[in-house]
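Have the structure open as you read.

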Amino acid sequence: MPTSNTYTFKNLFFEATRLCNYACPMCMASSNDVKLVKKSRKQELSLKEIEQHIFKTVDKIGVEKITWSGGEFILRKDAIELVKLATNYGYSSVITTNGSKMTREKLLELKEASNGSVVIAVGINSIEDENSWTRDTDCEQSLAVLALCNELDIRQNVVVAIGQHNLKTIERTLQWLDDHHIPYNRSPYTARGYGREYWDELKFSKKNMQDTIHPALRKHANGYISYTPFFLSPELHDEISSGISNVTVPQNPSIGCWCGTWLAVNAEGDVSPCGILLDDVNCGNVREKTFQQIIDDSGVFQKILDRTHLKGKCGRCRYQFTCGGCRAMAFYESGDIMAEDPTCFFEPMDKTTVSEHEPETNKMFKKFVAISRFADKINEMKVTDKKQKHR
């Protein structure tokens, strides 16, 4: 079992509220469930609890960035204060939002609260008409927010939830993002929350991944954030990262499946190794244990941190460590978080089997590293300056 000083988690995904002004039919946080949201609001972590149990503790396990989510995070009355306080403690902030409340004034408040380091992440499942059903609004609202961010010199990001609902338009959507130099991360459609209602209808298959999704993902360096299958040469990552890993999960930068390199917390304080697994894989609560204790005591975290526990073809694959297979898709398909990724089309005989896509992945990965490290350095300078002023 790893000791308490052998790992770091640089990113914290925090669903700080289930409250939302939309009712997206595939909402992972079940924000369209009135009874659940009402119950959650009574148990929601307060600002003082967030400061005590998160801001004052997560730096000890290496957290540098907090991604605020929901529901709709900006509906918290203390949202701006939370971002400001996070910045004062030395954390950078990413705000995921449906965009409905992101006025010019609100964006300027967030920029000021973060000392100019905030990243605004909106959801666009399709650049065309399909977006309106899955996001409870058409993409024009998200595009308007992105345009405002561009005008106000605020960094942008886009979350694309991939499933049967947007297979026909995924290539055009990702190409549009690439043409506009907007980084994005794909989120696989899963059975979390209200996703269960449409799981059989909207989940993508191994063939969908091979024929449509993966060809679109692997050609854009701006999207090399947490996706699988990821055919990166282990030797190349060792060279670029100087061998830095979270036990066996690669870091500097994190690639492939991010389980084991980031943390997720829901509005009630429950901790999971992935935002997509919140509510369904509960490893402990921050009101009862520190993050360090949760990770040390959790059999789930200990397995995920050691990818030698991966099963099936994920366990015999050359990319066992640089990819790791999607742990969320494995869990929702089989109930076993360490099972092989059911959406991976690669069929390795053993660890000597090299994917035909490795050369392209290696080339685009080098571009991704250059882009992300430059952006992170600028962000780090802004947050550090704010922290020094606070002191």
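## Ground rules

For sorting residues, Ala, Val, Leu, Ile, Met, Phe, Trp, Tyr, Cys and Pro count as nonpolar, Asp, Glu, Lys and Arg as charged, and the others, Gly among them, as polar. This is a predicted model, with local features needing pLDDT of at least 70 and side-chain atom pairs counted only at pLDDT 80 or more, while totals for chains, interfaces and linings use all residues. Residues are numbered from 1 along each chain as its sequence is written, and side-chain values use heavy atoms, leaving out hydrogens and water.

## Cavities

Rolling a probe the size of a water molecule over the atoms shows where empty space is left. Here a cavity is a set of points, on a 1 Å grid over the protein atoms alone, where a 1.4 Å probe fits but cannot get out; lining residues have an atom within 4 Å of a point. Grid points are joined across faces, edges and corners, and a volume is the space filled by probe spheres set on the points. Searching the whole structure turns up two cavities of 30 Å³ or more.

The largest cavity holds about 120 Å³ of space. Its lining has 15 residues, and those nearest the centre are Cys314, Cys317, Cys323, Gly325 and Cys344. By type, that lining splits into 10 nonpolar, three polar and two charged residues. The second largest cavity holds about 40 Å³. Among the residues lining it are Cys257, Cys259, Lys303, Arg307, Gly325 and Arg327, and its lining divides into five nonpolar, two polar and three charged.

## The nonpolar core

In soluble globular proteins, nonpolar side chains tend to be buried together. Buried means under 20% relative accessible area, exposed over 50%, and partly exposed in between (1.4 Å probe, protein chains only). A nonpolar core is then a set of buried Ala, Val, Leu, Ile, Met, Phe, Trp, Tyr and Cys residues joined through side-chain atoms within 4.5 Å. The largest one has 111 residues, with Phe55, Trp68, Ile120, Phe291 and Phe365 making the most contacts inside it.

Take Phe365 (contact means heavy atoms within 4.5 Å). Leaving aside neighbours within four places in sequence, Phe365 is in contact with Tyr224, Phe230, Leu232, Leu236, His237, Ile240, Pro253 and Ile255.

Helices (H or I, at least four residues) and strands (E, at least two) are DSSP runs, numbered from the N terminus. An α-helix has 3.6 residues a turn, so residues three or four places apart point the same way. In helix H2 (residues 47–55), Leu47, Ile50, Ile54 and Phe55 are the buried residues. They cover an arc of only 70° around the axis (taken from the directions from the helix axis to the C-beta atoms), which puts them on the same side of H2. They pack against strand E1 (11–15), strand E2 (65–69), helix H3 (79–88) and helix H11 (291–297).

Helix H7 (residues 170–179) buries Ile170, Thr173, Leu174 and Leu177. These cover an arc of only 90°, and that puts them on the same side of H7. Their cover includes strand E5 (155–162), strand E6 (184–188) and helix H9 (206–217). After H7 comes His181, with a positive phi near 55°.

One joins Thr228 and Pro229, with omega about -5°, and Pro229 sits in the loop between H9 and helix H10 (234–241). Another runs from Asn252 to Pro253, with omega near 5°; Pro253 is in the loop between strand E8 (249–250) and strand E9 (262–265).

Is Ser226 buried or exposed? Ser226 is buried, at 16% relative accessible area; this non-glycine has a positive phi of about 50° and lies in the loop between H9 and H10. Asp153, also not a glycine, has phi near 60°, but Asp153 is exposed at 58%.

Asp341 lies in the loop between helix H14 (327–334) and helix H15 (358–390), and at 0% relative accessibility it counts as buried. Its contacts beyond four places in sequence include Thr228, Lys313, Cys314, Gly325 and Arg327.

Ser241 touches Gln251, Asn252 and Arg373, not counting residues up to four places away.

How values were computed
On a 1 Å grid over the protein atoms alone, a cavity is a set of points where a 1.4 Å probe fits but cannot get out, and a pocket is an open set with protein on both sides within 12 Å along at least five of seven lines; lining residues have an atom within 4 Å of a point.
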